[in-house]
Amino acid sequence: YEPQEIEVLKPENQRDDLIRILFFISRLLDSRRCGLVIPFFYLNQNLPTPEDVRKNIFSLSVSNKIDPLRFFDLLISHGYILASDLESVSPGSYYRTGDSVTFWPVNETYPVRIDFDFDSIEKISFFNPEEIGSSLRSVDSLEIFSLNGFYELTASFSDYLSEKSLV
């Protein structure tokens, strides 16, 4: 796992700020060994509690029985919004093309394409937004952070560290 630099963005609104915070938190909750390069800003920022974040994660798996319309409802109920076209899909948004739904989980570095076979998920794959037709890798399951969870900003960076963490 390669270290990733978390970029500080100037949020245009609270939604953008929440997307940025949840992406950062997803890296802290990642159970794989990883290194983070973070700005000092994050050390003093109030964050949602780890418990609040964990209870607002939903999962998808290949062969899940869910039709595309129900999946749209699921994304919308978790705060994801419709993008104007495939090229404008960004973190927290989705777009449908035929039997596929492309969306960008706020906790992921790359967008995801879900291919449906009637009423079940046939394939889950990540792709590079610069090369929309190509797939980076396919996965059997995926965890997705909700944007509509009730998040009290009462935790800090240190609440996400374990005794094995190196700062």
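1. Four bridges connect β6 and β7, and the two strands run antiparallel. Within this pairing, threonine 102 has arginine 113 of β7 as its bridge partner. On its other pairing, β6 is joined to β5 by four bridges, again in the antiparallel sense, with serine 100 of β6 as the bridge partner of threonine 97. Strands here are DSSP E runs of at least two residues and helices are H or I runs of at least four, both numbered from the N terminus; two strands count as paired if DSSP finds at least two bridges between them.

2. A word on what you are looking at: this is a predicted model, in which local features need pLDDT of at least 70, side-chain atom pairs count only at pLDDT 80 or more, and totals for chains, interfaces and linings use all residues. Residues are numbered from 1 along each chain as its sequence is written, and side-chain values use heavy atoms, with hydrogens and water left out.

3. On confidence, the mean pLDDT (the predictor's confidence in each residue, from 0 to 100) is 84, and 89% of the residues score at least 70. Strand β10 has the highest confidence, at a mean of 95, while β1 (residues 4–5) has the lowest, at 49. Please read residues 5–11 with care: their pLDDT is below 50, although the stretch has 17 contacts in the model beyond near neighbours in sequence. Contact means heavy atoms within 4.5 Å.

4. For the overall layout, the protein has four helices and ten strands, arranged along the sequence as β-α-β-α-α-β-α-β-β-β-β-β-β-β. Of the contacts with a separation of 6 or more, 59% join residues 24 or more positions apart. Buried residues make up 43% of the 167 residues, where buried means under 20% relative accessible area, exposed over 50%, and partly exposed in between (1.4 Å probe, protein chains only).

5. Back to the sheet. Six strands form an open sheet in the order β4-β5-β6-β7-β8-β9, with mixed pairing. Its edge strands, each pairing on one side only, are β4 (81–82) and β9 (137–139). Helix α4 packs on the sheet and touches β5 (93–97), β6 and β7; the direction of α4 makes about 165° with that of β5. Those angles run from 0 to 180 degrees between N-to-C directions, with axes fitted as lines to C-alpha atoms, for helices over the stretch in contact.

6. Two details of β6 deserve a look. In the β5 and β6 hairpin, with two residues between the strands, glycine 98 takes a positive phi near 60°. Both faces of β6 are covered: Ser100 and Thr102 are buried on one side, and Val101 and Phe103 on the other. In a regular strand the side chains alternate between the two faces of the sheet.

7. Next, the largest nonpolar core, which has 36 residues; Leu22, Leu60, Phe71, Leu75, Phe103, Ile114 and Ile124 have the most contacts inside it. Such a core is a set of buried Ala, Val, Leu, Ile, Met, Phe, Trp, Tyr and Cys residues joined through side-chain atoms within 4.5 Å. At least two residues each come from α1 (14–29), β3 (57–61), α4 (68–77), β6 (100–103), β7 (112–117), β8 (120–126) and β10 (141–145). Helix α1 gives the most, with seven residues. Arginine 27 is found in helix α1 and is buried, with a relative accessible area of 5%. Asparagine 107 lies in the loop between β6 and β7 and is buried too, with a relative accessible area of 5%. A polar atom of the arginine 27 side chain lies 3.1 Å from the backbone oxygen of asparagine 107, and the arginine 27 side chain also makes a polar contact with the side chain of threonine 109 (2.7 Å). A polar contact is a pair of N or O atoms within 3.5 Å; within protein, one must be able to donate a hydrogen and the other to accept it, and residues adjacent in sequence count only if both atoms are side-chain atoms.

8. The side chain of asparagine 107 reaches the backbone oxygen of glutamate 143 at 3.0 Å, and one of its polar atoms lies 3.0 Å from the backbone nitrogen of phenylalanine 145.
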